[in-house]
Amino acid sequence: MARSRRTATRRKFLGTAAVAGAGLMIVPRHVLGRGMQAPSDTLAIAGIGCGGKGTSDLQGVASERIVALCDVDFRHASSSVTAFPDAKRYADFRVMLDEQPGIDAVTVSTPDHTHAVIALEAMRRGKHVFCQKPLTRTIQECQKLMAVARETKVATQMGNQGHAMDHTPQIREMLEAGLIGTVREVDFWTNRPIWPQGLLRPTELHHVPEHVHWDLWLGPVKERPYHPRYYHPFNWRGWWDFGTGALGDIACHSMDAAFWTYDLREPASVTAETTPLYPEAAPASSRIVYEFPARGGRGPITAVWRDGSIRPPRSEAFDGEIWPGMSSGQLFVGDRGILVAGIYGEQPRLYPRALQEAVEQAPPAEKYPRSKGIFDEWIAACKGEGTPSSSFVEHSGPLTEMALLGNLAVRTGETIRWDAQKGTAGSAAADALLGDEYRAGWSL
């Protein structure tokens, strides 16, 4: 009996020593003092795409442990290397996930064409995923991400930060309070593109710099020669193989409040007018009209998207004031007045001015909770606390799918009639653009 007790005591000691040697990963929070986060409460996060937007995304989760950085060009991502010098660096996200199975979560801040393959691989390995907008480049990719997120139940969030700002619930509360009356039209406009669009593929050849992993940058899409001006590191967004144009860049921001307030999914039709079309690049400007049927107690709504610095008609509700000084924004047209806000929902204000004066005196009651921020929501959900407001299944997936229908209308020149049950867009040409073929070695 004594020997048994000694053996048990030795096992307990060895187990305790092993935990101590592993870096004190289960220190209770109260031992560390007020404001300190226990190592056991800290996520191991990897950043995939660490330059450009990836820089700020990593800063957004810097309260956790950044254990790995993955990028095809660490010269472009040098600020992240400086910020997180202890993080191990990789060019291929698949190698990183193989070598570091202890990663809890990833941020995906790459060009649109690699969002789906990276996010899917991470979710299938049980990693939580924060992915930049738009969630995917194609509608079939979007549907696949929603299905896998639903299956794996990991915490997901898309980077449309306006949804987690106070202005977006304020807009919904003002609209639902009927301050501008019944809304039948919503307009969106943007100064994008601020990159090349409406052009043919460049034909000149360039050597790939030694610091750029061009094959990994291409990922699943068809091979093409490297070009320092038109593709990497920034001007990829206007090419259909890599990006989703101005609509993909901004719609998940500016359309968010309207989508959330009025459940703007499954439009009856989508039509587009554009400047001249090119086979591989988005046009220089476009006007896209979505017609949404009556739904859930509201009447039909027309949503009009404009890019290339085209603005909606000036409303008489401005009381003689010039157009609000926003290069991009959203405008709700009611039968009593209008509501104007920036693309993230910032600075919402009502016209005629008497409506704004009234709402400042008596703002509507708060119906919707305010968020601590897009990153804080996701981090908390990764730790089992709550659900992110822009999760793939509940919000950002359906929002992205709706927005991308506009690109089908642009590319085909046809009226898109979306049948969500059948997964068809109303024509063979449009259905062919719902997905894409991937290079050998890449798949969903």
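The structure is a predicted model, in which local features need pLDDT of at least 70 and side-chain atom pairs count only at pLDDT 80 or more, while totals for chains, interfaces and linings use all residues. Residues are numbered from 1 along each chain as its sequence is written, and side-chain values use heavy atoms, with hydrogens and water left out.

The side chains of D187 and R306 join in a salt bridge of 2.8 Å, N to O; the term requires a side-chain nitrogen of Lys or Arg within 4 Å of a carboxyl oxygen of Asp or Glu. D187 belongs to strand β7 (residues 183–189) and R306 to strand β10 (residues 301–306), so this pair links distant parts of the chain, 119 residues apart. Helices (H or I, at least four residues) and strands (E, at least two) are DSSP runs, numbered from the N terminus.

In total, the structure holds 23 salt bridges. One of them, between R137 and D436, spans 2.7 Å, N to O. Because R137 lies in the loop between β5 and α7 and D436 in the segment after α15 (428–431), the pair ties together parts that are 299 residues apart in sequence. R137 counts as buried at 9% relative accessibility, whereas D436 is partly exposed at 31%. Another salt bridge connects E223 with R439, with 3.5 Å between the closest N and O atoms. E223 is in the loop between α9 and α10 and R439 in the segment after α15, so parts that are 216 residues apart in sequence are tied together. Here E223 is exposed, at 62% relative accessibility, and R439 is buried, at 14%. A network of salt bridges also links D112, K133, R192, R237 and D249.

Turning to the rings, 14 aromatic pairs are found in the whole structure. Rings of Phe, Tyr and Trp (its six-membered ring) pair if their centres lie within 6.5 Å, and planes under 30 degrees apart count as stacked, over 60 as edge-to-face and the rest as tilted. Y290 and F292 form a stacked pair, 5.9 Å centre to centre with 5 degrees between the planes. Y290 is buried, with a relative accessible area of 0%, and F292 is buried as well, at 2%. Ring pairs also join W214, W217, Y226, Y230, Y231, W239 and F242 into a cluster.

The backbone has some features worth a look. Most residues other than glycine have a negative phi, and most peptide bonds are trans. The bond from K133 to P134, however, is cis, with omega near -15 degrees; P134 sits in the loop between β5 (128–131) and α7 (139–152). H232 and P233 are likewise joined by a cis peptide bond, with omega about 10 degrees, and P233 lies in the loop between α9 and α10. D263, which is not a glycine, has a positive phi of about 55 degrees. D263 is in the loop between α11 (256–262) and β8 (269–274) and is partly exposed, at 26% relative accessibility.

Definitions and conventions: Buried means under 20% relative accessible area, exposed over 50%, partly exposed in between (1.4 Å probe, protein chains only).
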